[in-house]
Amino acid sequence: MKAEYQKILERLDVLEQQGVIGAFDKRTITELSRDVMNEIAQKYEKVRKGVGDMMGGALIETEARKILNQGIDLAKKKQQLSYCRWENSQSRKSQNVLNSA
């Protein structure tokens with residue numbers, strides 16, 4: 001079972017290097033594969049630990065999601081900032097029109 005999961009990881013590495021999948025997709029597939037492995041190997045602690053160690057710990061999956069969410073939050077903040085700047089410029093234009101009248 002451990003050898004089979006090693007092959008899966010190698011295939012995922014190749015797909016990531018080829019640009020077929022991104023790092024987040026790779027981590028998600030790895031996490032889901034580990035969940036399936038845990039279900040299959042429920043009664044075999046040594047097998048589960050060996051394959052789990054090879055596939056990466058929970059910290060890595062959490063980190064991948066954390067990075068993705070930080071990127072999404074940053075994009076939202078930049079969009080809000082752009083809107084505020086635009087809104088501010090519109091307000092100044094309106095004020096200039098009123099002052100010149």
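A salt bridge is taken here as a side-chain nitrogen of Lys or Arg within 4 Å of a carboxyl oxygen of Asp or Glu. By this rule, the predicted model contains two salt bridges.

**Figure 1. Confidence along the protein chain of the predicted model.** The mean pLDDT of the protein chain is 78, and 77% of the residues score at least 70. Helix H1 (residues 2-17) has the highest confidence, at a mean of 87, whereas helix H3 (residues 45-55) has the lowest, at 59.

**Figure 2. The salt bridge between Asp13 and Lys26.** The closest N and O atoms of this pair are 2.3 Å apart. Asp13 belongs to helix H1 and Lys26 to helix H2, so the contact ties together parts that are 13 residues apart in sequence. Asp13 is partly exposed, with a relative accessible area of 30%. Lys26, by contrast, counts as buried because its relative accessibility of 13% falls under the 20% limit.

**Figure 3. The salt bridge between Lys26 and Glu16.** The N to O distance is 3.1 Å. Since Glu16 lies in helix H1 and Lys26 in helix H2, the pair ties together parts ten residues apart in sequence. Glu16 is partly exposed, at 28% relative accessibility. Through shared partners, salt bridges join Asp13, Glu16 and Lys26 into one network.

**Figure 4. A nonpolar surface patch made by Phe24, Leu68 and Ile72.** The patch covers about 220 Å². Phe24, one of its residues, is located in helix H2 (residues 23-40). Phe24 is partly exposed, with a relative accessible area of 31%, and patch residues must have over 30%.

Note on methods: Residues numbered from 1 in each chain as written. Predicted model: local features only at pLDDT ≥ 70, side-chain atom pairs only at ≥ 80, totals over all residues. Heavy atoms only, no water. pLDDT = per-residue confidence, 0-100. Helix = DSSP H or I, 4+ residues; strand = E, 2+ residues; numbered from the N terminus. Patch = residues over 30% accessible without salt bridge, like charges linked within 9 Å, V, L, I, M, F, W, Y side chains within 5 Å. Areas by Shrake-Rupley, 256 points an atom, 1.4 Å probe, with all protein chains shown as cover. Buried < 20%, exposed > 50% of the residue type's maximum accessible area, 1.4 Å probe, protein only.
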